[in-house]
Amino acid sequence: MLRQVSDRLLAIVAGSLLALMISINSGLAILNSPLQASWAAHGIGALVAIFLVVVYSRCFRLSQSKANRHKKDNKLISLPSWAYFGGIPGAFTVLLAAITVNSEIGLSGTLACALVGQIVFGMISDHFGWFESEIKAFVLQDLLKVLPIIAGSFLLIFI
Amino acid sequence: MLFYIVIALLNGVVMGCSRALNGQLSMQAGPLKASVCNHLVGFILLSFLLIIWSVFQSETELLIVSAPWYLYLGGFIGALYVALNSFILSQIGAANTALLVISGQMITGIFLEHESMALNNFLANIVGVILIGIGIYFSQLNSFKLIKQK
């Protein structure tokens with residue numbers, strides 16, 4: 001019970017950190033430029049990510065069995081080459097967020113619009129099966145999910 | 001205002017692309033290694049863009065303003081978030097994770113801005129977050145059912 005509550009709290013904290021991150025990066029973008037802010041964030045992020053990989057592999061190397069590794073090698077073959085370039089849209093995310101957070105729609109407007117964009121784009125890409133996803137045709141019911149999100153975002157931006 | 005809304009919506013599309021690509025890589029390489037790749041590719045691209053951009057700037061604009069230390073925590077948080085998120089995902093599942101992370105994000109967004117807001121706005125914003133939560137809940141619920149039916 002306690003474990004479940006703490007995991008849920010951790011998820012909320014993770015969301016808070018995400019909002020804080022966008023706010024911080026945009027603060028850096030005011031002092032310099034969005035391009036420089038995104039560059040610094042990615043450079044520091046890369047170093048921290050490498051550090052985490054090293055720490056993780058040091059801690060868990062023993063628990064990784066050979067069979068597991070073999071399975072991994074087989075899976076690697078089917079990876080499409082475009083999967084390595086998620087960093088390209090990732091770089092533009094910080095740029096675009098820096099522009100909108102420092103505008104009149106602010107942080108919560110940016111977050112709300114980005115959420116709407118993600119949900120709608122997710123539905124479109126599921127409908128056509130982009131990114132090798134399973135095709136999930138759009139149904140009218142899907143509007144029920146989008147409408148509360150759009151209404152909520154509207155409240156955040158305009159009121 | 002409409003211009004910024006369109007940019008922010010577009011940012012959601014860009015985020016969706018980034019997540020889709022990164023998700024594919026994570027499935028094979030694990031979230032942490034995928035995150036390294038993600039950050040490095042972004043860093044290399046931005047380095048090129050920065051070089052091109054600097055050609056067209058005057059010298060005063062090129063000066064890097066020293067920022068307080070905490071403004072450099074963004075990249076740190078970004079990398080840490082990947083590890084945190086993959087841990088939570090394994091504990092409480094994708095549906096709960098999405099709902100709680102997005103709720104936490106929206107609430108924090110409001111609180112970070114609240115000094116410039118009246119109580120009226122604040123209440124409207126809380127209602128807005130609840131509506132967004134309901135939408136996320138519905139969307140996760142359905143995808144959950146789909147998985148169960150299979």
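Guide: Rings of Phe, Tyr and Trp (for Trp, its six-membered ring) pair if their centres lie within 6.5 Å, and planes under 30 degrees apart count as stacked, over 60 as edge-to-face and the rest as tilted. By that rule, a search of the whole structure finds nine aromatic pairs over all chains. This is a predicted model, in which local features need pLDDT of at least 70 and side-chain atom pairs count only at pLDDT 80 or more, while totals for chains, interfaces and linings use all residues. Side-chain values use heavy atoms, with hydrogens and water left out.

Visitor: What makes the pair of Phe128(A) and Trp130(A) stacked?

Guide: Phe128(A) and Trp130(A) lie 5.7 Å apart centre to centre, with 20° between the planes, and the pair is classed as stacked. Both residues also belong to one aromatic cluster with Trp82(A), Phe121(A) and Phe131(A).

Visitor: Why is the pair of Trp69(B) and Tyr70(B) called edge-to-face?

Guide: The ring centres of Trp69(B) and Tyr70(B) are 5.9 Å apart and their planes stand at 85°, so the pair is edge-to-face.

Visitor: Why does Trp69(B) count as exposed?

Guide: Exposed means over 50% relative accessible area, buried under 20%, and partly exposed in between (1.4 Å probe, protein chains only). Trp69(B) has 65% relative accessibility and therefore counts as exposed, whereas Tyr70(B), at 44%, counts as partly exposed.

Visitor: Why is Ile119(A) called buried?

Guide: The relative accessible area of Ile119(A) is 16%, so the residue is buried. Ile119(A) is found in helix 5 (residues 106-128) of chain A, where helices are DSSP runs of H or I with at least four residues, numbered from the N terminus. Not counting residues up to four places away in sequence, Ile119(A) touches Val146(A), Ile149(A) and Ile136(B), contact meaning heavy atoms within 4.5 Å.

Visitor: How do you know that no salt bridge joins chain B and chain A?

Guide: A salt bridge needs a side-chain nitrogen of Lys or Arg within 4 Å of a carboxyl oxygen of Asp or Glu, and across this interface the rule finds zero. By class, the side of chain B that touches chain A has 59 nonpolar, 28 polar and four charged residues, with Ala, Val, Leu, Ile, Met, Phe, Trp, Tyr, Cys and Pro counted as nonpolar, Asp, Glu, Lys and Arg as charged, and the others, Gly among them, as polar. The contact takes 91 residues from chain B and 95 residues from chain A.

Terms used: Residues numbered from 1 in each chain as written. Chains lettered and ligands numbered in written order. Helix = DSSP H or I, 4+ residues; strand = E, 2+ residues; numbered from the N terminus.
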